[in-house]
Amino acid sequence: MRPSVRVITLGVDDLERSLTFYRDGLGLPTDGIVGEEFEHGAVVFFHLAGGLILALWPTASLSKDANIEATHSRLGAVSMGHIARSKEEVDEVLEAARRAGATVTNPPNDRFWGGYSGYFHDPDGHLWEVAWNPELSPQE
C-alpha cells in the first residue's frame, strides 16, 4: 500500500444536518448531497487542501456497504486535525464550530508540545482538534 490517504469518510446520523455544519458552519466547499439516485448512495464530499477528500455518509449506508454493524458510539479513539495559521485562527475556528452546533470538549490553550490547540465534537460526536503548531504550516 502506498503511504497515502485520500478520503476520510465519517458516518453521520443526519446527512442534511452534517452538511449544514461543515458547509455553513465551518465554511468547507462542497457541491452538496450527491448520489441520491442510488439506494444508500447519498453522500457529501468536501475537497480539501492537498487533495484530501472529507466524505459524509449516513451511518446506515456505510455499515451496509462495509458489511458491519452500525455503531453510534464515537468515543474519540480517532481525531481529525486542522492546522491553523495562528493562535487567533484556532480560537476563530473553535468558536465557529461551537456556533454551528459543535461541543467544545477542551477550549483552546497552550500545549506542552509548544503549540496551541482545542478540541470539539461535531454534531455526530466525531472528534476534531484545531491546532497551531510553530513547527508546521497549514497547506493552502
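**Close-up 1. β7 and β8 form a hairpin with five residues between them.** In the turn of this predicted model, G125 has a positive phi of about 90°. The two strands, β7 and β8, run antiparallel and are joined by six bridges. For one of these pairings, look at S117, whose bridge partner in β8 is A131.

Close-up 2. S117 belongs to β7, which spans residues 116–121. Is S117 buried or exposed? S117 counts as buried because its relative accessibility is 0%, and the cut-off for that label is under 20%. Which residues touch S117, once neighbours within four places in sequence are set aside? The contacts are V90, P107, P108, N109, R111, E129, V130 and A131. One of them, A131, is also the bridge partner of S117 in β8.

**Close-up 3. Strand β8 and its pairing with β5.** Here we move to the other pairing of interest, in which β5 (residues 79–83) and β8 run parallel. How many of the six residues of β8 are buried? Five of them are, so β8 is largely enclosed by the rest of the structure. As a reminder when following side chains here, those of a regular strand alternate between the two faces of the sheet.

**Close-up 4. N133, in the segment after β8.** Strand β8 covers residues 127–132, and N133 is found in the segment that comes after this strand. N133 has a relative accessible area of 16%, so it falls under the 20% cut-off and counts as buried. What does the side chain of N133 reach? Follow it to the backbone nitrogen of E135, at 2.7 Å.

**Close-up 5. Helix α2 and what covers it.** Helix α2 runs over residues 59–66, and its buried residues are T59, S61 and S63. At the end of the view, α2 is followed by N67, a residue with a positive phi near 60°.

Note on methods. Residues numbered from 1 in each chain as written. Predicted model: local features only at pLDDT ≥ 70, side-chain atom pairs only at ≥ 80, totals over all residues. Heavy atoms only, no water. Buried < 20%, exposed > 50% of the residue type's maximum accessible area, 1.4 Å probe, protein only. Helix = DSSP H or I, 4+ residues; strand = E, 2+ residues; numbered from the N terminus. Polar contact = N/O pair within 3.5 Å; in protein donor to acceptor, adjacent residues only side chain to side chain. Contact = heavy atoms within 4.5 Å. Pairing = 2+ DSSP bridges.
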